[in-house]
Amino acid sequence: MIHAKNIHKFYDKLEVLKGVDLHIKKGEIVSIVGASGAGKTTLLQILGTLDVPERNPESSLTINGENIFKLQDIENDNSKQEKTFKIITIASSSYVFFLAVFLLFFRTKILDDTFRIITIAVLFLPIITMLFYYNSYFKKKSKQDKILSNFRNLNLGFIFQFHQLLPEFTALENVCIPAFMANKPKAETEKEAKRILEYLGLSHRINHKPSELSGGEQQRVAVARALINKPDVIFADEPSGNLDTHSAENLHQLFFQLRDEFGQTFVIVTHNEELANMADRKLVMVDGQISN
Ligand SMILES: Nc1ncnc2c1ncn2[C@@H]1O[C@H](COP(=O)(O)OP(=O)(O)OP(=O)(O)O)[C@@H](O)[C@H]1O
Ligand SMILES: [Mg+2]
């Protein structure tokens, strides 16, 4: 399910990850523990494709059979194209500006000219070429932009310590957002969202906004949001760090119920010893590496 090999990450000169190797099987619940600053969040962000590691010939990252580096390369390729796009935009706006000035000053002369059609055609040719370039650029860009984010949206779910729900939307709307982003139909999505919220014991709170929910309820809404697209892997960073003991225990049990019911894979970074020990496998991060 997840294969990470030789993952390195630097923040300036600080080497945070020093060659992490990781293999996680489908349906496994793995906890990652370690001292503050050991690199747990950094690793989770990289595994979740939200951040990019350093590359070397031995490093690789595969999730659900998909080569993540390849998807990130396509995105990189995009940023190179963006530079070309900017240069061409500056050049073309300058050209249009000078053309406008030229036509304004030499208007009569051009109109009198026997070769006026040829002159105008030649002057406008670069503009037509640019329009063709822009058209193909935007078509390609929108296709490439979506490759990594589509993969993430459909295969991975995220639960953070602070739920990051959108305050102006209701619980139901917050849960539906990732499905709408994946262009799923509204009626079907809302039905599924209600089903998950009911499963999480929140059917009576679906029309409330996050500020009207308790911390535990907000976190369960965040879990529902992470589940709406039925991702194969769920990454959780301190999911119960902000909850009281009772809500934390409920949330932890929920992870195991979900795994048993839907076969999802969980990677959970936690300082909660109880949760860490409940996992199928506990990985300890020490000094940028996983020690066994
Ligand atoms: N964007 C960043 N820029 C520079 N340094 C960073 C950045 N993000 C993290 N770091 C540093 O990288 C190291 C690892 O950070 P990380 O957040 O992965 O630790 P952690 O194990 O999750 O810690 P905690 O348990 O406190 O959440 C820390 O020393 C941190 O200061
Ligand atoms: Mg952290």
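Contact here means heavy atoms within 4.5 Å. The model is predicted. Keep both in mind at each stop.

**Stop 1: L197 and its core**

Select L197. Leaving out residues up to four places away in sequence, L197 touches A171, L172, V175, L202, S203, I206, V221 and A224. Now widen the selection to the largest nonpolar core, which has 35 residues. L197, V221, V223 and F255 touch the most other members of this core. Colour the elements next: α5, α6, α7, β7 (233-237), α8 and β8 (265-269) each give two or more residues to this core. A second, separate core has 32 residues, among them V16, L17, I32 and F151.

**Stop 2: helix α5**

Show α5, residues 171-181. Which of its residues are buried? A171, L172, N174, V175, C176, P178 and A179 are. Two of these, A171 and L172, are also among the residues that L197 touches. Step just past the end of α5 to N183, where phi is positive, at about 60 degrees.

**Stop 3: the largest pocket**

Centre the view on N153, F158, P178, M181 and R225. Of the 20 lining residues of the largest pocket, these lie nearest its centre. The space in this pocket is about 480 Å³. Colour the lining by class to find eleven nonpolar, seven polar and two charged residues.

**Stop 4: the second largest pocket**

Move to R195, L227, K230, F262 and Q264. They are the closest to the centre of the second largest pocket, out of 13 residues that line it. About 160 Å³ of space lies here. Both α6 (186-199) and α8 (245-262) supply at least two lining residues. Which element gives the largest share of this lining? It is α6, with four residues. By class, the lining divides into six nonpolar, two polar and five charged residues.

**Stop 5: S31**

Finish at S31, in strand β3 (residues 29-34). Is S31 buried or exposed? S31 counts as buried because its relative accessibility is 1%, and the cut-off for buried is under 20%. Display the side chain of S31 and the backbone of A276. A polar atom of that side chain lies 3.0 Å from the backbone oxygen of A276.

Definitions and conventions
Residues numbered from 1 in each chain as written. Chains lettered and ligands numbered in written order. Predicted model: local features only at pLDDT ≥ 70, side-chain atom pairs only at ≥ 80, totals over all residues. Heavy atoms only, no water. 1 Å grid on protein atoms, 1.4 Å probe; cavity = no way out; pocket = protein on both sides within 12 Å on 5 of 7 lines; lining within 4 Å. Points joined across faces, edges and corners; volume = space filled by probe spheres on them. Nonpolar A, V, L, I, M, F, W, Y, C, P; charged D, E, K, R; others polar. Core = buried A, V, L, I, M, F, W, Y, C linked by side-chain atoms within 4.5 Å. Buried < 20%, exposed > 50% of the residue type's maximum accessible area, 1.4 Å probe, protein only. Polar contact = N/O pair within 3.5 Å; in protein donor to acceptor, adjacent residues only side chain to side chain.
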